[in-house]
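Here is a short briefing on a two-chain model. Please read it alongside the structure shown below.

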Amino acid sequence: MEQIYQKVENGPNEIMKAEVGTKMSRNLKYMKNNYQLYLLVLPALILLIIFKYVPMYGAIIAFKDFNPLQGIMGSPWIGWENFEKFMSTPDFINLLKNTLKLSAFGLIFGFPVPIILALMIHRIKRVAIKKNIQLVLYAPNFISVVVVVGIVFIFLSPVGPINRFITFLGGDNISFMTEPSYFRTIYIISDIWQFAGWASIVYLAALSNVSQDLIDAAKIDGANILQQIRHIDLPTIKPIMVIQFILAAGNIMSLGFEKAYLLQTSMNLPTSEILPTYVYKIGLQMGDYGYSTAIGLFNAVINVILLISVNQIVKRLNEGEGI
Amino acid sequence: MFKHQTRADKVILTTNGIILALIVFAILIPLIYVIMASFTNPATLLNSGITLNPSKWTLQGYSRVFKDGSLLIGFRNSLFYSTAFSLISVTITLFAAYPLSRKDFVGRKLMMALFIITMFFGGGLIPTYLLVKNLNMLDTIWAILLPGAVNVWNIILARAYFQGIPDELREAAIVDGTSEIQFFFKILLPLSKPIIAVLVLYQFVAQWNSYFDAMIYLKSENLQPLQIVLRSILVQMQPRPGMIQDAQNTAQLQQIAEMVKYSSIVISSLPLIIIYPFFQKYFEKGVMVGSIKG
């Protein structure tokens with residue numbers, strides 16, 4: 001403070017400088033006094049910069065004719081050539097369609113299920129029964145995607161229980177895993193089987209905040225359960241539904257590689273080949289680094305655009321509340 | 001509570017119970033089927049499916065899996081990766097979350113922005129792979145342990161939890177001459193057991209169940225985690241050599257390949273399914289913290 005008083009004598013210009021100076025020196029002093037806080041955040045920051053930001057820089061090889069021997073810096077620039085090449089391949093439209101369809105259908109069918117489950121479980125009054133239902137519903141979340149796909153293969157194999165049942169009813173064997181038209185259905189149903197229960201936790205937790213007084217008042221007014229759900233339960237979980245929807249929609253293009261890749265057979269590729277699996281094959285199996293990075297970048301940019309636009313749309317529909 | 005239910009409500013509640021029972025059943029059927037099939041004689045399984053007749057039961061699938069040993073090596077490796085990964089990741093997460101939870105922390109906004117950007121945008125598969133390669137981490141345990149160790153979502157969860165702990169606690173401790181580090185370790189962490197439990201469980205499970213990083217970064221047979229071994233047995237339909245060495249003909253080979261699938265699933269999935277109920281009470285807390293602040 002004394003410094004400022006001294007500077008006042010030197011005119012208004014100096015005061016401004018002094019204020020900027022004191023803010024800086026105040027911050028520096030804070031950092032010096034609290035250096036331990038900065039030490040704590042340092043490991044995460046270092047790993048973040050190395051493993052997230054360095055690859056972002058590395059993504060410029062999408063615009064280069066990348067040659068590992070010349071490195072990222074040394075490889076020659078080729079502008080948009082990789083992107084143009086990708087967009088003119090006959091696979092382009094199909095890949096884009098497969099990726100968008102798989103996630104859009106996954107969202108449309110997958111999003112409501114946890115909400116419905118939560119509303120249903122919430123109405124179970126006996127605590128012990130409720131706990132047991134939750135225990136079973138959450139369990140598949142802890143099974144690995146490899147095992148879930150393994151179970152899918154077992155169940156849908158030509159001699160598996162599903163086909164056994166179909167032939168028992170007098171139908172013909174269906175070869176689910178090699179028929180492209182079944183891929184999306186298999187992917188989405190097994191996803192719901194595995195994750196819907198787990199995803200209902202967040203809605204259930206929100207529902208547990210509904211006050212009993214409100215429910216009792218509604219009952220006195222003669223509201224039946226469906227009316228209570230419509231006018232009390234749903235409005236309570238609406239903010240969470242909005243957040244979950246935006247997050248899910250924003251991830252529409254960042255589909256899990258892991259499951260799609262496992263569910264692929266050489267026969268169902270017409271529907272099961274999506275952008276992430278294509279990037280993996282072109283990049284790591286065929287070694288075309290620059291080209292596959294361009295495809296990955298294309299995917300990532302669409303993703304960001306989707307996230308921002310969904311957030312804007314929801315904001316408008318939801319009276320200014322997005323994330 | 002009002003005891004009187006209208007007739008309509010009774011119908012709705014009963015229907016609700018029945019549908020939920022069916023859903024529980026639908027989730028359990030595949031699991032029960034796999035467990036029963038793992039004990040069923042492969043010839044019977046192939047001809048008529050699972051059976052309740054004990055004379056058709058066998059432990060052969062399990063003995064073959066144990067005799068081969070590669071699943072057990074995978075099990076051991078996964079136990080190591082998951083433990084080390086969750087330890088590293090959760091430590092880093094808690095360290096970073098504390099300063100970021102402090103309103104007075106200079107640089108907080110900038111750092112949060114740096115962290116959050118990476119949730120929505122990244123360099124992608126190939127640049128990350130090239131980085132790991134250039135760091136000479138290919139085919140080492142570090143390729144599994146380090147690239148994914150910073151989980152921004154978990155930092156947000158832990159940060160939200162720390163923000164819920166009253167400021168007065170820290171102020172009182174600082175007045176008593178406690179340093180920030182001492183406060184963090186001696187006062188804050190002991191109060192944060194629920195969130196630590198949730199984060200450790202999340203990271204452990206995530207690592208235990210993932211195969212992708214191992215598939216692209218690891219070549220050596222003795223480094224492979226459980227999921228890679230499982231993938232070859234379950235998805236690529238290639239049982240390990242030690243499981244099938246005594247097979248007489250292709251028909252028998254096929255039966256054995258089928259049988260070891262079931263026992264491998266049971267052996268690899270049972271530990272988590274048994275452990276997770278003990279953590280269940282923490283789930284709602286963990287998820288809730290995130291959904292409010294997220």
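The range from 65 to 115 degrees counts as roughly perpendicular, and the rest as oblique. The model is predicted. Chain A has 17 helices and zero strands. Chain B has 16 helices and zero strands.

**Helix pair within chain A**

- Helix H16 (residues 275-285) of chain A and helix H17 (residues 289-317) of chain A have axes that come within 8 Å and cross at roughly 165°.
- H16(A) and H17(A) are therefore roughly antiparallel to each other.
- Their crossing, H16(A) with H17(A), is left-handed.
- On the H16(A) side, the contact uses Leu275(A), Tyr278(A), Val279(A), Ile282(A) and Gly283(A).
- H17(A) answers with Tyr289(A), Tyr291(A), Ser292(A), Ile295(A), Gly296(A) and Asn299(A).
- The contact of H16(A) with H17(A) has seven nonpolar, four polar and no charged residues.

**Helix pair within chain B**

- Helix H4 (residues 70-101) of chain B crosses helix H11 (residues 193-209) of chain B at roughly 140°, and the axes come within 8 Å.
- H4(B) and H11(B) are therefore oblique to each other.
- The crossing of H4(B) and H11(B) is right-handed.
- H4(B) contributes Ser78(B), Tyr81(B), Ser82(B), Phe85(B), Ser86(B), Ser89(B), Val90(B) and Thr93(B).
- These meet Ile196(B), Leu199(B), Val200(B), Gln203(B), Phe204(B), Gln207(B) and Trp208(B) in H11(B).

**Helix pair between the chains**

- Helix H3 (residues 35-58) of chain A packs on helix H5 (residues 108-120) of chain B at an angle of about 40°, with the axes 11 Å apart.
- That angle makes H3(A) oblique to H5(B).
- H3(A) and H5(B) cross in a left-handed sense.
- Val41(A), Leu45(A), Leu48(A) and Lys52(A) of H3(A) make the contact with Met111(B), Leu114(B), Phe115(B) and Thr118(B) of H5(B).
- By class, the contact of H3(A) with H5(B) has six nonpolar residues, one polar and one charged.

**Chain interface**

- The contact takes 76 residues from chain B and 72 residues from chain A.
- Helix H1 (residues 7-38) of chain B gives the most to the side of chain B that touches chain A, with 13 residues.
- The side of chain B that touches chain A divides into 54 nonpolar, 16 polar and six charged residues.

**Domains of chain A**

- The domain assignment of chain A gives domain 1 (2-70) and domain 2 (81-144 + 176-317).
- The C-alpha centres of domain 1 and domain 2 of chain A lie 38 Å apart.
- Six residues from domain 1 of chain A and six residues from domain 2 of chain A form the contact.
- On the side of domain 1 of chain A that touches domain 2 of chain A, four residues are nonpolar, no residues are polar and two are charged.

**Overall dimensions**

- The radius of gyration of chain A is 28 Å, well over the 20 Å that the globule rule gives for 323 residues, so chain A is more spread out than a compact globule.
- The C-alpha atoms of chain A fill a box of roughly 100 × 70 × 35 Å along the principal axes.
- Chain B has a radius of gyration of 25 Å, well over the 19 Å from the globule rule for 294 residues, so chain B is also more spread out than a compact globule.
- The C-alpha trace of chain B spans about 75 × 70 × 35 Å along its principal axes.

Notes:
Residues are numbered from 1 along each chain as its sequence is written. Chains are lettered from A and ligands numbered from 1 in the order in which they are written. This is a predicted model: local features need pLDDT of at least 70, side-chain atom pairs count only at pLDDT 80 or more; totals for chains, interfaces and linings use all residues. Axes are lines fitted to C-alpha atoms, for helices over the stretch in contact, and angles run from 0 to 180 degrees between N-to-C directions. Helices (H or I, at least four residues) and strands (E, at least two) are DSSP runs, numbered from the N terminus. Angles under 35 degrees count as roughly parallel, over 145 as roughly antiparallel, 65 to 115 as roughly perpendicular and the rest as oblique. A crossing is left-handed if the near helix is turned anticlockwise from the far one by less than a right angle, and right-handed if clockwise. Two residues are in contact if their C-beta atoms, placed from the backbone, lie within 7 Å. Ala, Val, Leu, Ile, Met, Phe, Trp, Tyr, Cys and Pro count as nonpolar, Asp, Glu, Lys and Arg as charged, and the others, Gly among them, as polar. Domain bounds come from an automatic or database domain assignment. The radius of gyration is taken over C-alpha atoms; the globule rule is 2.2 Å times the number of residues to the power 0.38.
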